[in-house]
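Here are a few friendly notes to read alongside the model. Take them one at a time, and look for each residue as you go.

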Amino acid sequence: IITCAAQQTVVIGLAADSGCGKSTFMRRLTSVFGGAAEPPKGGNPDSNTLISDMTTVICLDDYHSLDRTGRKEKGVTALDPRANDFDLMYEQVKALKSGIAVEKPIYNHVTGLLDAPELIQPPKILVIEGLHPMFDERVRDLLDFSIYLDISNEVKFAWKIQRDMAERGHSLESIKASIEARKPDFDAFIDPQKQYADAVIEVLPTQLIPDDNEGKVLRVRLIMKEGVKYFSPVYLFDEGSTISWIPCGRKLTCSYPGINFNYQPDSYFDNEVSVVEMDGQFDRLDELIYVESHLSNLSTKFYGEVTQQMLKHADFPGSNNGTGLFQTIVGLKIRDLYEQLIANKATAPSEAAKA
Ligand code: ADP
Ligand code: G6P
């Protein structure tokens, strides 16, 4: 008997601390798949889920087992595994992956309480984003691809100041204190997940300005694991070589402090990786095509697609530097991975029939 290959869901994990650019990344990713993701219609207005034709993005805060009061009483933070229900996370991601809808809880960020659950249908691509997508081994094994956004403390601080002081009226001291208070749990439970990621986007202060502490100009590294099925790393000029490139000159306008690219093979934890690095920022986004034309293995569908995506979302944070560029590239690699996985599944039954 030949059964129709069931439409299986591809599962992507995106890990980062909060305030580190996950939602921005998700907007870039869903745009690559053609269409903005919206909150589910007719459900709880405080739902954290975003749905488009192709993708459903679930926020893992929904698997908090302790609400805000519960965390206060027990003296644990949201980063602590004891505040999260990994059994339920595993059960539901597994169900969705095999095509079964689930009633997922909702963590209400306004009230700090757990609301009535919402029905989530199995999508083509499920993204689980949050603090712990790669923490639990069972959940980790369900991921077809995983990403870690690694924002250095200096940069995290600069972003938080920008947001919390300007928009929320917090003081410098209270921002410092809240980052310090999170640090032990962050180091214990969040940061170690990066060793499992297929791609890491590392965001560091620039090296182009001596003793820079403004955190405006960034050095961003895209660390890509070698040997991952359906994922072949991007490279600059010649695969496997070590390259340092300053694209500024006749073809690319750069103002102070300029732009520096690096590419090299490296190791990361116990894995062989390729690293593409960009330090500095673009003056003119339309000239990005010049840089794009020197990168290979981008998984674009047409010449200039990276530049087009970047121009389309020029107003998103990080569009003029490596954060936006590498998020866009990872989005294209995920589309490619998805298409290969689906193509492979479609041919699998006939292969089996031949055997
Ligand atoms: P998360 O979803 O992880 O909480 P967001 O994508 O909402 O993070 O970003 C939180 C804030 O961090 C943004 O409002 C912005 O101020 C800052 N931010 C995020 N990404 C960048 C970036 N690439 N460059 C500069 N600032 C950024
Ligand atoms: C969510 C976020 C955490 C944040 C928490 C606030 O769970 O993902 O990063 O720390 O909310 O928790 P609190 O106990 O301060 O309300």
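1. First, a term: a pocket is an open set of grid points, where a 1.4 Å probe fits, with protein on both sides within 12 Å along at least five of seven lines. Please keep in mind that this is a predicted model.

2. With that term in hand, turn to the second largest pocket, whose volume is about 160 Å³. Its lining includes Ser 23, Met 26, Arg 27, Lys 312, His 313 and Phe 316. Helix α1 contributes the most to this lining, namely five residues. Sorted by class, the lining holds five nonpolar, five polar and two charged residues.

3. Now for ligand 1. It has 14 residues around it, and those that come nearest are Gly 19, Lys 22, Ser 23, Thr 24 and Thr 323. Three residues of this shell are nonpolar, eight are polar and three are charged. Domain 1 (1-149) and domain 2 (198-344) both supply shell residues, so ligand 1 lies between them.

4. Next, look at the oxygen atoms of ligand 1. One is 2.5 Å from a side-chain N or O atom of Ser 23. A backbone N or O atom of Lys 22 is 2.9 Å from a ligand oxygen, and for a backbone N or O atom of Cys 20 the distance to a ligand oxygen is 3.1 Å. Taken alone, ligand 1 exposes 560 Å², and the protein buries 80% of that. The elements giving two or more residues to its shell are α1 (22-32) and α5 (153-166).

Technical notes:
Residues are numbered from 1 along each chain as its sequence is written. Chains are lettered from A and ligands numbered from 1 in the order in which they are written. This is a predicted model: local features need pLDDT of at least 70, side-chain atom pairs count only at pLDDT 80 or more; totals for chains, interfaces and linings use all residues. Side-chain values use heavy atoms; hydrogens and water are left out. A residue is near a molecule or strand if one of its heavy atoms lies within 4 Å of it. A polar contact is a pair of N or O atoms within 3.5 Å; within protein, one must be able to donate a hydrogen and the other to accept it, and residues adjacent in sequence count only if both atoms are side-chain atoms. Accessible areas come from the Shrake-Rupley method with a 1.4 Å probe; for residues, only the protein chains shown count as cover. Helices (H or I, at least four residues) and strands (E, at least two) are DSSP runs, numbered from the N terminus. Ala, Val, Leu, Ile, Met, Phe, Trp, Tyr, Cys and Pro count as nonpolar, Asp, Glu, Lys and Arg as charged, and the others, Gly among them, as polar. Domain bounds come from an automatic or database domain assignment. On a 1 Å grid over the protein atoms alone, a cavity is a set of points where a 1.4 Å probe fits but cannot get out, and a pocket is an open set with protein on both sides within 12 Å along at least five of seven lines; lining residues have an atom within 4 Å of a point. Grid points are joined across faces, edges and corners, and a volume is the space filled by probe spheres set on the points.
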